[in-house]
Amino acid sequence: MSPNTFLKKARRERGLTQVNLAEQLHVGVQTVSSWERGKRAPQPEVRKRLCEILGKSPEELGLPPLDQGLRHSSTQKDHVTYTVVLSAEEDNVFPEEGSERRRDVAEPSQTAHRNTFAYAYDDVNRQRLLTRVHERWIKGVFEESLYHSTLLVVPLQERPDVLEDPWQEVFQESPLPSRSLPPGTRITQVYDQADGELLILGEPGSGKTTLLLELARHEIARARHYERYPLPIYFNLASWAERQLPLEKWLVEEINTKYRISPKLAQTWIEAEHITLLLDGLDDVGPEYRTACIQEINTYRQKYGLAPVVVCCRSADYLAQPARLALNKSVVVKALTTEQIDEFVALAGQDLAILRLTLQRDAALREMASTPLMLNTLAIAYQGVQMEEVLTDGVFQIQRHMIFAKYVERLIERGGAKTKTYTSVHIKQYLTWLARHLQAHNQTEFHIERLQPDWLESNREQHRYQRTVIRLVTVIQCIVGGALAAWLKGGLKNGVVGSGNGILGLFGGGTGNSMLGWMAPGIGGGSQGGASLILILSIVIWLVSILVGSPSLPTLTPRAIWHGLGTGLRTGLKFGLIISPFSITLFTILGGLMHGISYGLGIGFFLAMLIGLLSGLGGGLRYQQEEPPEKVPFKDRLVDGLTFGTGGGLSFAIVELLLQVNHQSTIIYSFIAALFYFLAFGFGGGTRLFTSLGKTIQPAEIVTWSWKQMAQDMGNTIKKSLLVALVTLASVGVIIAGITSLFFVDPGYGLHYGLVFGTISGLIVGIAGILTSMLQSGWSSEILADDQHTIPNEGIARSGRNALLGACIFAPIGGIASGLATGIGFGLLGQLSTWPVMAKAFAVMIAIQFFVIFTIAHGGIAWIEHYTLRWYLWKWSRIPRNYVDFLNRVTSHALMRNVGGGYMFTHRLLLEYFAQLAPSLNARSVSVLSEHKERSARQELSTL
């Protein structure tokens, strides 16, 4: 950016100050200053007058040429020739898609030619932003809305009195009176005269947003031609109300999330005053925040006084609050003139003959037709209406409601076969629910993947949904855990390795009990070495599940550890006393009283220890986070227990049957597995470890990997992981050693046994902690910006794919590392020559478990939560089963329109019409234009 010294010199030669020149041109002093500083160039009308005052040509003043017709300008720079063809539209916009720009690059042998978008410079970042704004709002909204309608040049009225006047206290003058602008005045002309500082007011449906987008198209064309011209960007202020950030910070976030421009570049453009703010929807900001929003805009204007700003708002909403915008000019969109309405209706000929007659007879209807939206709505609603259906009187609001009802019916009828799948009642029912929630959440665009649990109607519904998500996620892990335990036990006979059907046999475990060596007796009480392997697998599976599913690796404090151990011991003892009688009874049936007591006590201790570990870890984490225990109703606990018990028990039984294990043994062990899951996750507090599920859906739509971030966090990661590993090693080792010593006279056996299994558990849990932290540090996930969605529900599909991708990368790593940890435990500490078989088997099983857990925890949970939410919404008749198909069908007949991968109502008034329909109206159609139906509509509206 370089100062315009030619203009400055010419002004001084004439003996004029910036103030004198500004007065003669009827612009602000800051505007003249911005020209001389090179920040802006005068608009064509002003440029012509400037040349007359200073007595020089545009070229002598360092400005673009004056001619507005077809112009060819060529400049030489590094052997590159630019030829720009400018269009000669009535409002002097610069090239759009139809225009051509030819770049000829001189080369020794040939000249290259290419046709591109009409850019007169090579700043790729500017080009990308302009393209995204154009594709999103001009092509996707503005042009689409005009496809079947005529763009009327609406009348405009200047209103200086609705703006903040910084000079009023100095001169103590009354505001200038309102004045109507000449017919045919376009918004682009008003914008130029306002020097880029404009407020657009109007009634609902008057065409404010259409004017703003018309201006955006015009300014995009200019910005493509001039490299230093401010970049026009459309923003909807509805999202500002969510957090009420300083406007500058909010703009940076919006540019980043909506247009995928880096925050650093967005901040640079803002600070350089290179952005034209096109702020729509000030009336969408709640009344309690609207004044604060206006103050934020004024604060921004004080800091960036030369940055163009255009704001749109409904007149009543703007005038109802005390603050005023500090802008140069304000216009109000006036009602269409009688001549414009007559001309519009006359062009339709016989199709709107009834409407023409009705407008002549009904003053209220003529008032309603005074906005472009309602005129178009009436045109659709009255096509083919019979004379006896024409209303002759009616309250304005009721009549407008009935017109929209008729309008909606006409659009649905037009859909024909496209909407045959859905009845008129269902279409209104689904759109009413959608409109109410869009309005409640201050949203204008709807993306299916942005559905959240807070769209449910009540706390009861949200509770049911959350419990279902927790059950789905937990039962998946119960099923996998049960299947893996059965696969391991499939190679055992009476707790002894040797059948060869399970995973140990797959890797050459051999027959008999020889591969376990001195560890063959197991922890005692009938729970021989093979059952001990199931024990250690179960411990590792659930500890890994808890760690990987946690939002971050915990930093365990001594008090939290002590609290967790106390909680675990109490819970384990309690459930041990409950489980042991059941297991003793079952094994007595299988092999007699002594067999029942021996195996029953062992299994009882085995299951009680697992439940105690789960409860202890959960208690320690909650104590550290100072979270009160969640009170789960008995009914929910019972349902949880039955769900998880059935899933875990059935998966155990199915795998054992496939491995051709003895049927009687399969039934007993499956029942024991079901009993464990029933107690552990129904009444042992297992589901409390997953209370964060089902609260906010966070898809992993974009994933990136950062080695730098992972390296920065590695020191803290290793420290935390070692602490968790040591606590696990000590806890598991001491508990197993203690239980084993109860059954054997030699305490050395128990200590050695506990050391081996404690070490394996600690190492694998430490590995899980490191991998989890690595994934959370280096593997970051984000959601796509709304304008980046091209396919409906694309975000959830991406989240599922990314979850599988992450699991495919980290599951093998976790499996191999866990296999090595198992080999160290059995080989180095246990001194077993068969440790390679153990290592391979555990590597495969832990890899499978890692795959399931990583898939769920890092993207898969969003997939589960999303489709569970959609299932409930369908069950409760809020949405159809195939939501994408429904939205595409209502889009095809103009009730909504596509915006990238999302949807919008064709106009805010249509959204408000559906939003104000009472839920009771969803069961039947709204009345149409007849005397009988008018009375029905009045009665229904009285309930709103």
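## Helix α10

In this predicted model, the buried residues of helix α10 are Leu247, Glu248, Trp250, Leu251, Val252, Glu254, Ile255 and Tyr259, where buried means under 20% relative accessible area, exposed over 50% and partly exposed in between, with a 1.4 Å probe and protein chains only. Helices (H or I, at least four residues) and strands (E, at least two) are DSSP runs, numbered from the N terminus. With 13 residues, α10 reaches 17 Å from its first C-alpha to its last, close to the 18 Å expected at 1.5 Å a residue, the expected span being 1.5 Å times one less than the number of residues. Just after α10, arginine 260 takes a positive phi of about 60°.

Residues are numbered from 1 along each chain as its sequence is written. Because the model is predicted, local features need pLDDT of at least 70 and side-chain atom pairs count only at pLDDT 80 or more, while totals for chains, interfaces and linings use all residues, and side-chain values use heavy atoms, with hydrogens and water left out.

## The seven-stranded sheet

Seven strands form an open sheet in the order β6-β5-β11-β7-β10-β9-β8, with mixed pairing; two strands count as paired if DSSP finds at least two bridges between them. The edge strands, each pairing on one side only, are β6 (179–180) and β8 (231–236).

Strands β8 and β9 (residues 275–280) run parallel and are joined by six bridges, and leucine 231 has isoleucine 275 in β9 as its bridge partner. Helix α10 (residues 247–259) lies across β8 and β9, running at about 95° to β8; such axes are lines fitted to C-alpha atoms, for helices over the stretch in contact (heavy atoms within 4.5 Å), and the angles run from 0 to 180 degrees between N-to-C directions.

## Strand β18 and its partners

Strand β18 (residues 902–905) is antiparallel to β12 (residues 445–446), with two bridges between them, and also to β17 (residues 896–899), with four bridges. Methionine 904 in β18 is the bridge partner of glutamate 445 and also stands opposite arginine 897.

Between β17 and β18, which form a hairpin, there are two residues, and glycine 900 in the turn has a positive phi of about 65°. From β18, Gly902 and Met904 point one way and Tyr903 and Phe905 the other, all of them buried.

## Salt bridges and cysteines

The structure holds 22 salt bridges, each defined as a side-chain nitrogen of Lys or Arg within 4 Å of a carboxyl oxygen of Asp or Glu. Arginine 11 and glutamate 36 form one of them, with their closest N and O atoms 2.5 Å apart; arginine 11 lies in helix α1 (residues 5–13) and glutamate 36 in helix α3 (residues 29–36), so the pair ties together parts that are 25 residues apart in sequence. Both arginine 11 and glutamate 36 are buried. Helix α10 takes part through glutamate 248, whose side chain meets that of lysine 303 in a salt bridge (3.1 Å, N to O), and because lysine 303 lies in helix α12 (residues 287–303), the pair ties together parts that are 55 residues apart in sequence. Lysine 303 is exposed, with a relative accessible area of 55%, whereas glutamate 248 is buried at 16%. Glu158, Arg179 and Lys329 are linked in a network of salt bridges.

Disulfides, taken as pairs of cysteine sulfur atoms within 2.5 Å, come to a count of zero. Cysteine 51 is buried, with a relative accessible area of 8%, and cysteine 478 is buried at 0%.
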